[in-house]
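I am opening my notebook on a structure that is new to me, and I will write down each thing as I look it up.

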Amino acid sequence: MTHGLIETEEHTALRASVAALGKRYGREYFADVVAQGKHTDELWLEAAELGYLGVNLPEEYGGGGAGIQELSLVLEELGAAGCPLLMMVVSPAICGTVISRFGTDEQKRAWLPGLADGTRKMAFGITEPDAGSNSHRITTTARRDAATGDWLLTGRKVFISGVDIAEATLVVGRTEDARTGKLKPCLFIVPRDAAGFTRHQIDMELGAPEKQFELVLDDVRLPADALVGDEDAGLLQLFAGLNPERIMTAAFALGMARYCLEQALDYARTRQVWKEPIGAHQAIAHPLAQVHIEVECARLMMQKAARLYDAGDDIGAGEAANMAKYAAGEACVRAVDQSVHTLGGNGLTREYGLAQMITASRVARIAPVSREMILNYVSHQTLGLPKSY
Ligand SMILES: Cc1cc2nc3c(=O)[nH]c(=O)nc-3n(C[C@H](O)[C@H](O)[C@H](O)COP(=O)(O)OP(=O)(O)OC[C@H]3O[C@@H](n4cnc5c(N)ncnc54)[C@H](O)[C@@H]3O)c2cc1C
């Protein structure tokens, strides 16, 4: 854990109180919610009441007035306690940020207080079946009805998390006149019950309360004020939301990594089959030490990205957020793998609950931007190597 130079006393205190809340719920609560097909409503609302979920949102709209550094810390600590709240990546981090930075006063008044106090959630939809990692290829198209000024939105989205529990989805589309060429994205708030907006749950192999959906938008009619920000502002607005998403995915991955590592350490300290506990064998101890180092390094990069982002350096934050997401995703995959192995046969029992994390740990390697796309970005943007795609 890093204190002092890297994080302030307030951060340390926030970590401690979030960890205490997470511990009060614990893995058992989370596992019960998943087994019963429910949602983490109690924890979500309590965390919101304590000011944790809206910590990054402006004070005048009921938020804490802090930043993504504080929000990522909250998610990491809840995950480390076995209770990761995936919708934090989306609702306060992406949607809350985009609306705070680019929304009209009306949109801020309508959404931010509810996102901050946890009574409303907003999902985020960019991924499309035929575009995938190549967001420049998205075809969800907005056409203006000249008579009314309304927007008509048509397209398909896939793997969108939490659409069932979110009152609306922030959908990334493009305007009709920007249909070809470089992506000039525009963002629309689409209410869950809008006519022509249908969802179909994807059968994922993930033990999580949040589900993923395929969406069809068939001439969904939206009022003019459903557009968030400027239709010509382009990628800047989108990345205002995507950088926090990457930082928060890093936090999600680090929380999971720490939770699993803790289980493995408990086991390695106590399980004895020779004359010493298995943790005395370096074949068990060293990989766990490596995982700890990787988690700490990834956290430092996450803190750097969050600090840059909160200071308003969108470009610097972009590179650091990509690297943090990469490092945290890889640390998470290795942490889970090594933890499962440390428990031997128990690593695969339902009782210990680590085996299902093998699948869950892969999420941060794929989403919201895959490991390979980050390596492409760093090769090209940072190292100046030719672009391969
Ligand atoms: C649990 C979960 C939740 C999600 N939630 C959301 C959400 O809420 N909202 C949302 O919009 N999306 C969401 N996603 C979607 C996620 O962002 C995408 O899955 C991700 O961007 C990858 O896109 P894809 O699945 O189409 O893979 P593809 O783009 O088809 O990629 C497949 C493979 O090819 C590799 N690849 C592709 N292009 C290249 C290249 N140029 N060079 C090298 N390798 C390449 C990729 O790295 C990957 O390994 C979620 C996904 C998951 C799994």
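I began with the shell around the ligand, which by class has 12 nonpolar, eight polar and one charged residues. For this tally Ala, Val, Leu, Ile, Met, Phe, Trp, Tyr, Cys and Pro count as nonpolar, Asp, Glu, Lys and Arg as charged, and the others, Gly among them, as polar. I looked up which residues come nearest, and of the 21 residues around the ligand they are Gly132, Ser133, Ser161, Ser370 and Glu372. Strand 1 (122-125), strand 3 (151-161), helix 10 (363-366) and helix 11 (371-382) are the elements that each give two or more residues to this shell. A residue is near a molecule here if its C-beta atom, placed from the backbone, lies within 6 Å of it. Helices (H or I, at least four residues) and strands (E, at least two) are DSSP runs, numbered from the N terminus.

I note for myself that this is a predicted model, in which local features need pLDDT of at least 70 and side-chain atom pairs count only at pLDDT 80 or more, while totals for chains, interfaces and linings use all residues. Residues are numbered from 1 along each chain as its sequence is written.

Phe159 has a positive phi, near 65°, although it is a residue other than glycine. I also found Asp219, in strand 7 (residues 212-222), with a positive phi of about 50° and likewise not a glycine. Between helix 10 and helix 11 runs a loop that holds Pro368, and a cis peptide bond with omega of about -10° joins Ala367 and Pro368. I kept these entries together because most residues other than glycine have a negative phi, and most peptide bonds are trans.

I then turned to the inside of the model, where the largest nonpolar core has 116 residues, and where Phe188 and Ala324 have the most contacts inside it. Helix 6 (residues 235-270) gives the most to this core, with 17 residues. Such a core is a set of buried Ala, Val, Leu, Ile, Met, Phe, Trp, Tyr and Cys residues joined through C-beta atoms within 7 Å.

I followed Ala324, which is found in helix 8 and is buried, because 30 other C-beta atoms lie within 10 Å. Leaving out residues up to four places away in sequence, Ala324 touches Arg246, Ile247, Ala250, Ala298, Met301, Met302 and Ala305. Contact means that the C-beta atoms of two residues, placed from the backbone, lie within 7 Å.

Gly312, with a positive phi near 90°, follows helix 7.

I also looked for pairs separated along the chain. Thr119, in the loop between helix 5 (105-117) and strand 1, is 74 residues from Leu45 in sequence and 7.3 Å from it in space, C-alpha to C-alpha. Thr119 counts as exposed, because it has 12 C-beta neighbours inside 10 Å.

Last, I looked up the record: UniProt, in an unreviewed entry, lists "domain: Acyl-CoA dehydrogenase/oxidase C-terminal" for residues 234-376. Over residues 234-376 the chain is 76% helix and 0% strand. UniProt positions are given in the numbering used here, feature names are shortened, and annotations may be inferred rather than shown by experiment.

Key:
Buried ≥ 20, exposed ≤ 12 C-beta atoms within 10 Å, placed from the backbone.
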